[in-house]
Amino acid sequence: MADIVLINPRFEVSYWGLEHALPLMGKRANLPVACLPLLAALTPEGHTITLIDENVEAINWERCAKADIVGVTGMSVQRFRMREILTELKAQGVFTVVGGPLVTVQEDYFDGVADVIFIGEAEQTWPQFLKEWSQGLHQIRYEQIEKSDMALVPTPRFDLLKMQHYAFGSLQFSRGCPFQCEFCDIIVTFGRKPRIKTSKQILAELDAMLATGMRIVFVVDDNLIGNKKAIKEVLRDVVKWQERNSYALTMFTEASIDLADDPELIELMVDANFISVFIGIESPNEESLREAKKFQNVRSGGTLVEKVRRVQDAGIEVWCGMIVGFDNDDSSVFEAQRQFLRDSRIPMSMTGMLYAIPKTPLHDRLAGEGRLDLSDVPEFGTNVIPLKIGRQELVDGYVKIMTDLYDCEPYFGRLDDLYLTGNLTMGRGRARWWKTHKLNKLKSDAVFLAQAFGLFARLMKNVPEAYLRKEYRKRLWGFLKKRQDPGTLFSYVIHMAQHYHAHTMAKQMSSGRSPVYNSW
Ligand code: B12
Ligand code: SF4
């Protein structure tokens, strides 16, 4: 039987990492990576398992040295640290394994630094490896060919995480996405057939999450609505669960834009207490969307702005991913992107330069055209050599967009347009239920108020720049004059912390104090 340690390495700065905001929020990481507690749950009884998230605690090398197996996970923004950790462990003679999103698309990156690599999902291969390892018969490479049956995925071992250090929790309902975006590695790894857990499993996970004390949860699905019929069934059960548990969990997730075409689905998400959704919009340039095979974004049923507004009007805030540097993008793309985000009232946009992830159709195409920069740290921030814009112009335009988007005036302009002029009303399902459960409402309002003012006080104490503190005070006052709902207030103050992160990141990039961080 093995003594196992699993490590999630330190992240580099990224848009969603919130690294600049986390200390202000009193947290060490945004959320726990979902694979660690899941791999622990997939580990057969008899083995011992310890989870280390380097984002919340330092690696205990002595502990690792005593382990029989040390596993490392990671995505692109952890690649240097992944290699460092594996190299250090190897030097100590530790038996190491590596898996996760990065090694799955770039296995040669780990040549010689790990004893065993795992490609793709590991619901079958992880227990298989442990069995073979116990018999001294393990292989050096495991690739799960069949996609995991989600109905068999166990409840993750949230109890092994130090949950108090995370801003949010993470849960997974489904995997896969039916679309075919050319740049996307998710469908390469998880396939285009959405697979979903049963309601029973999902409710058990909600119970387990509740038991950790975490109240805001990211549902880490690639596309929550990949199978609309199936997710509607699950959401009906989640709504009942929320009612039984006094709407204890607030959720946000990722979905495709066709959500806007299905009012019943939006309503169910609202009733289940989803308050925000991340949508890959990528570009207002239709030619670029077609080029990227993002056909769902150019379907009839209204413009992209109208679709975003439909989701917002129902009470779900939209966050988005945007990309510059498609073959059909010329110099006008930067202003078009700014204009689109203004019109659609999206405060939080992860804008990035197109990146060709290995194993994707985009990577194959550009390799064939000789348009890939193969360096591990491309000089211009992306490995794509653009067609209609120069490389320097692309990176300058990207940094300028980020700076403009997260300047105070444009950012709070979009936010206030949505929250104050647009009167975004999140949590309508919860509000309906509270009408007949007034005591629960009072309790919940008190918690939201305490959290909102607690976070605001932290911002006032810890944000070093006086001009930002002044701006945040002005904006809070502007908000309170128009709206007093405690839940929305808390969300508004969270947006200040998110602003601090993105604003700082953009400023550091534009002044050359940090490298250019792309979205990959
Ligand atoms: C939810 C999500 C997020 C969330 C949560 C991130 C987090 N910290 O957990 C948010 C929105 C915050 C986010 C942010 C980012 N993300 Co993200 N995210 C995802 C998404 C959609 C799901 C990840 C997930 O939780 N899956 C569920 C778990 C259970 O699956 P899994 O980790 O793959 O684990 C399975 C296997 O891989 C395997 N496995 C994993 N590790 C190991 C280790 C061992 C030893 C073994 C044996 C097996 C194994 O076993 C598991 C069970 O089958 C993925 C897409 C995807 N499907 O991978 C992108 C993805 C991982 N994100 C990505 C990126 C780039 C980012 C950002 C850098 C973007 C940015 N610029 O801000 C940031 C990083 C922020 C950070 N510091 O956390 C990329 C990574 C690219 C790559 N191939 O490396 C992905 C693949 C999306 C994409 N194509 O762009 N992300
Ligand atoms: S919609 Fe998102 S997850 Fe689905 S294929 Fe496109 S980029 Fe990938």
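Search the whole structure and you'll find 23 aromatic pairs. Keep in mind that this is a predicted model.

**Aromatic rings**
- Take phenylalanine 129 and tyrosine 142: their ring centres are 5.7 Å apart and their planes sit at 75°, so this pair counts as edge-to-face.
- That pair links distant parts of the chain, with phenylalanine 129 in helix α6 and tyrosine 142 in strand β6, 13 residues apart.
- Both phenylalanine 129 and tyrosine 142 are buried.
- Tyrosine 411 and phenylalanine 412 are another edge-to-face pair, at 5.1 Å centre to centre and 85° between the planes, and both of these residues are buried too.
- Tyr411 and Phe412 also belong to a cluster linked by ring pairs, whose members include Tyr15, Trp16, Phe168 and Tyr406.

**Charges over rings**
- Arginine 414 lies over the face of tyrosine 406, 5.8 Å from the ring centre.
- Arginine 83 does likewise with tyrosine 109, at 4.0 Å from the ring centre.

**Strand β5 and its neighbours**
- In strand β5 (residues 116-119), Val116 and Phe118 point one way, Ile117 and Ile119 point the other, and all are buried.
- β5 runs parallel to strand β4 (residues 96-98), joined by two bridges, and valine 97 stands opposite valine 116.
- Three bridges join β5 to strand β6 (residues 141-143), again parallel, with isoleucine 119 opposite glutamate 143.
- Together, β5, helix α6 (residues 125-134) and β6 make a left-handed β-α-β unit.

Definitions and conventions. Residues are numbered from 1 along each chain as its sequence is written. Chains are lettered from A and ligands numbered from 1 in the order in which they are written. This is a predicted model: local features need pLDDT of at least 70, side-chain atom pairs count only at pLDDT 80 or more; totals for chains, interfaces and linings use all residues. Side-chain values use heavy atoms; hydrogens and water are left out. Buried means under 20% relative accessible area, exposed over 50%, partly exposed in between (1.4 Å probe, protein chains only). Helices (H or I, at least four residues) and strands (E, at least two) are DSSP runs, numbered from the N terminus. Two strands pair if DSSP finds at least two bridges between them. A crossover is right-handed if, with the strands pointing away from the viewer, the path from the first strand over the helix to the second runs clockwise. Rings of Phe, Tyr and Trp (its six-membered ring) pair if their centres lie within 6.5 Å; planes under 30 degrees apart count as stacked, over 60 as edge-to-face and the rest as tilted. A charge sits over a ring if NZ of Lys or CZ of Arg is within 6 Å of the ring centre and within 35 degrees of the ring normal.
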